[in-house]
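Student: I would like to go through a structure with you, beginning with a pocket and then turning to a sheet. Could you put it up, please?

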Amino acid sequence: MQTELKATTRLNEWLSYLENSHFKAIDLGLERVKSVAQELDLLTPAPYVITVGGTNGKGTTCRLLETILLNAGYRVGVYSSPHLLRYNERVRIQNQELDDAQHTASFAYIEAHKSQSLTYFEFSTLSALHLFKCAKLDVVILEVGLGGRLDATNIVDNHMAVITSIDIDHTDFLGSTREQIGFEKAGIFRANKPVIIGEPMIPQTMLDRAKELGSQHFCRHLDWTFSQQGQSWTWQTTQSDKKVRWNFLTDLPFCQIPLANAATALAAVQKLPFEISLDVVKKSLAEVELIGRFQTLKPECLEHLTQKLNRHVSQLPQMIIDVGHNPHAARYLAEKLTALKAQSSGKFIAVCGMLKDKDAEGVLEPLLSLIDEWRCVTLGGYRGQSGEQLFVTLQQVAYQYQQTVQGGYANSVAEGVKSAVEISNENDTLLVFGSFHTVGEFLTYSQE
């Protein structure tokens, strides 16, 4: 199959090949991918590179940084993962996804010149770097896929590292404690370069690594903070050196991404060597959004769904999608649902699907008292978990916390959504969450 693939081969065929071209789906380490990158001269994809790592909040932090830099007039590329609907979402250049032909041409170039077997993520990372270099950008933003120290994105020596949050996740690869995970994520730090940390409880291993490298760390609570002030919010720093752009920002508009992630992005902006005005920052905060982050779907997005469910849009419950899939994300989701529930008189129904290598107990526990009816759904693929098993886990967690749960399970996201809508009305709220795969399947079902 390898010799048959060409620049004109369909993207889906290429992706199928990439998924099966290496003996392990996840094979952490930089030797193979860095060797190929050096051969192809891809280690400097742009004059300035920002690498963003962390447990949660990477995508939204990248998105706000991208929006600010674009609005300031710079040429920007972003590499992120995973995708919701299309592989094309993983690479943005000037806020635009690339068409299939650009990706397949890039894949063909990497395939023709690589000297090592590569995983799907390694191959796609090299392809993104190639696309960025060809586009002659000012700034590239790389979102870490897994961990940091051994992640394929870490072959590039960045000019700034950003850490959004630290919590327990991917324990098979990163360790089972915050200190171990902090050490792995600190692997993206570079000597004498700015390090922005948005995690309020910073693991000592991370601080030690920054000190060892002489990194210019700029940490939440230690060096900067933020707070809500009525209908706006403020950001401020205790530092007063010339490298801080603003010491105190007031009357900042709320945005469609978590405030902690927005504040972390603003901390990064303080240390960027670019011309960026306060007007650009405020404009970007008002504009920024990213699919699947506690996102309420607008009625016009539900037109196809209403046809499938034989209901008028006015009869549908409020629909929210969220890609949260670990305990840290679930706690944030619980905070948002608590605030929403205080203003609602209807039921809260959840359609939840999770991968079997995730901490289902840690995700479900914060939401037990907030959800009135559950539909646990099956996800496909080798990492997928059946809805039946997830519902059993939900019952076990509820029993442990002396609570009861109402609901059942379904064999697909579509079936779970149908079942949930049948027991709902326009006063209710339907939450679809648990994985990028769950939200992606729902969006595909609701929009096709």
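Student: What volume does the second largest pocket have?
Tutor: This is a predicted model, and in it the volume of the second largest pocket is about 220 Å³.

Student: Which elements give two or more residues to its lining?
Tutor: Those elements are β13 (318-322) and α12 (327-341). The largest share, 4 residues, comes from α12.

Student: And which residues line the second largest pocket?
Tutor: The lining consists of F294, T296, Q318, I320, E335, K336, A339, L340 and Q343.

Student: How does the lining divide by class?
Tutor: There are 4 nonpolar, 3 polar and 2 charged residues in the lining.

Student: Turning to the sheet, in what order do the 6 strands run?
Tutor: The order is β12-β13-β17-β14-β15-β16, in an open sheet with mixed pairing. At the edges are β12 (295-296) and β16 (407-410), each of which pairs on one side only.

Student: In which sense do β13 and β17 pair, parallel or antiparallel?
Tutor: β13 pairs with β17 (residues 429-433) in the parallel sense, over 5 bridges. Within that pairing, M319 has L430 of β17 as its bridge partner.

Student: Where does α12 pack?
Tutor: α12 packs on the sheet, where it touches β13, β14 (348-352) and β17. The direction of α12 makes about 175 degrees with that of β17.

Student: Which strands does α15 touch?
Tutor: Helix α15 (residues 413-422) also packs on the sheet and touches β13, β14, β15 (373-377), β16 and β17. Its direction makes about 165 degrees with that of β15.

Notes
Residues numbered from 1 in each chain as written. Predicted model: local features only at pLDDT ≥ 70, side-chain atom pairs only at ≥ 80, totals over all residues. Heavy atoms only, no water. 1 Å grid on protein atoms, 1.4 Å probe; cavity = no way out; pocket = protein on both sides within 12 Å on 5 of 7 lines; lining within 4 Å. Points joined across faces, edges and corners; volume = space filled by probe spheres on them. Nonpolar A, V, L, I, M, F, W, Y, C, P; charged D, E, K, R; others polar. Pairing = 2+ DSSP bridges. Contact = heavy atoms within 4.5 Å. Axes fitted to C-alpha atoms, helices over the stretch in contact; angles between N-to-C directions.
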